[in-house]
Amino acid sequence: GLISLVSAVRSRPPAISFEAMKRNPMSDFLADFQNHIANQSFFRGKEKILIACSGGPDSIALLRLMVALAPKHRWQLGVLHYNHRLRKSAGNDLRFVRSLSKELGLTFYSGSGNVRREAVKTGASIEEAARKMRYDFFLGTAKKLGIQKIALGHTLDDQAETVLMRILQGTGLRGLQGIREVNRREGVDLIRPLLKFSKKEILNFCRAAKVGFCKDESNRSVRFFRNRIRLKLLPVLKRDFNPRITEALARIPAIASREIALLDRLEAQAWKAAVKKAGTKRIELKREVFFQMESPLQFRIIERALKKIHPQSGLSYEAWERIRRGFSRARNRWSLPKDIDFALTPKTVTVFKKSSS
């Protein structure tokens, strides 16, 4: 990778202490970061935390900030790096992050995989396959080490891009939650302490603190959907429609999350009222109670039933609309993905796993 600002291999930047940062022009950024993680209660004292680091400016800034604050909070930090093997220069990023981790006295954990082969095998896009393999490595390593927190370097700009991507894909309200600051997966908290900070603020911090990082040339490739949004669509929206489009888009997840929290409470009450019998392979709902509910609640109840039978199942908006059109009949039946059927009888609405016989 191209190392900007400082050549990490030839002349490594010294570890930056909290005291040195306080004298630095970017002390305001460190103070903002420190206040934010304290206000959000992301981490406790003496905690073990893994930091995902690609070598790019966002994750390097996160690593430097966490290292600067570690003595004060008595954190034990480790570094995670995943090599997707998609670029010739990926090995340079690996060496840079490994070298920096050693210099900072942190344990370094690396993984790698053949993303292209996995994408072909699973039918996923390169981006989807890379993300899945990366997170599998992160979570697998954390669980093996008995560590429950991983810090990731996503920014306000990443949030804006994600929201716009999902809008273009026709997302529902849940998709508008975008990237979450804290997301628990497989017993591990994925925490994004930089999500309220812009890319510009982070680059300014890296320059002022003379922090070296790697440049990923694939970020300039318009082959990837996210890159096309970042390089082509957002600049037009910023220039012609709203100069503060990034902040505007990044506000949407907070609004959506509050409304989803209300819907979640309504859903829990509706579930309790509607369920007649609930097993692992068959869920029966009281037809009369279910039919009195508003359509968005009906959809959530069916989604919940499907997930209980098969965690990877789900219902698209189009499929739900087709099912709703058949609600006038006393009896009806639909086949859904993952070998699950949805059936109406005069008294019940049933979601069940089809018999293998």
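Helix packing and a pocket

Tutor: In this predicted model, the axes of helix α7 (residues 156-168) and helix α10 (residues 245-274) cross at roughly 75 degrees and come within 8 Å.

Student: Why are α7 and α10 called roughly perpendicular to each other?

Tutor: Angles of 65 to 115 degrees count as roughly perpendicular. The axes of α7 and α10 cross at roughly 75 degrees, and α7 and α10 are therefore roughly perpendicular to each other.

Student: Which residues of α7 and α10 make the contact?

Tutor: From α7 they are Leu-156, Asp-157, Gln-159, Ala-160, Val-163, Leu-164 and Ile-167. From α10 they are Thr-246, Glu-247, Leu-249, Ala-250, Ile-252 and Pro-253.

Student: What makes up the contact of α7 with α10 by class?

Tutor: There are nine nonpolar, two polar and two charged residues. Asp and Glu count as charged, and the contact includes Asp-157 of α7 and Glu-247 of α10.

Student: Which helix gives the most to the lining of the second largest pocket?

Tutor: α10 does, with five residues. At least two residues each come from α2 (27-40), α7 and α10. The pocket has a volume of about 290 Å³. Of its 15 lining residues, Gln-159, Glu-181, Leu-195, Ala-250 and Ala-254 are the closest to its centre. By class, the lining has six nonpolar, five polar and four charged residues.

Definitions and conventions:
Residues numbered from 1 in each chain as written. Predicted model: local features only at pLDDT ≥ 70, side-chain atom pairs only at ≥ 80, totals over all residues. Heavy atoms only, no water. Axes fitted to C-alpha atoms, helices over the stretch in contact; angles between N-to-C directions. Helix = DSSP H or I, 4+ residues; strand = E, 2+ residues; numbered from the N terminus. Parallel < 35°, antiparallel > 145°, perpendicular 65-115°, else oblique. Contact = heavy atoms within 4.5 Å. 1 Å grid on protein atoms, 1.4 Å probe; cavity = no way out; pocket = protein on both sides within 12 Å on 5 of 7 lines; lining within 4 Å. Points joined across faces, edges and corners; volume = space filled by probe spheres on them.
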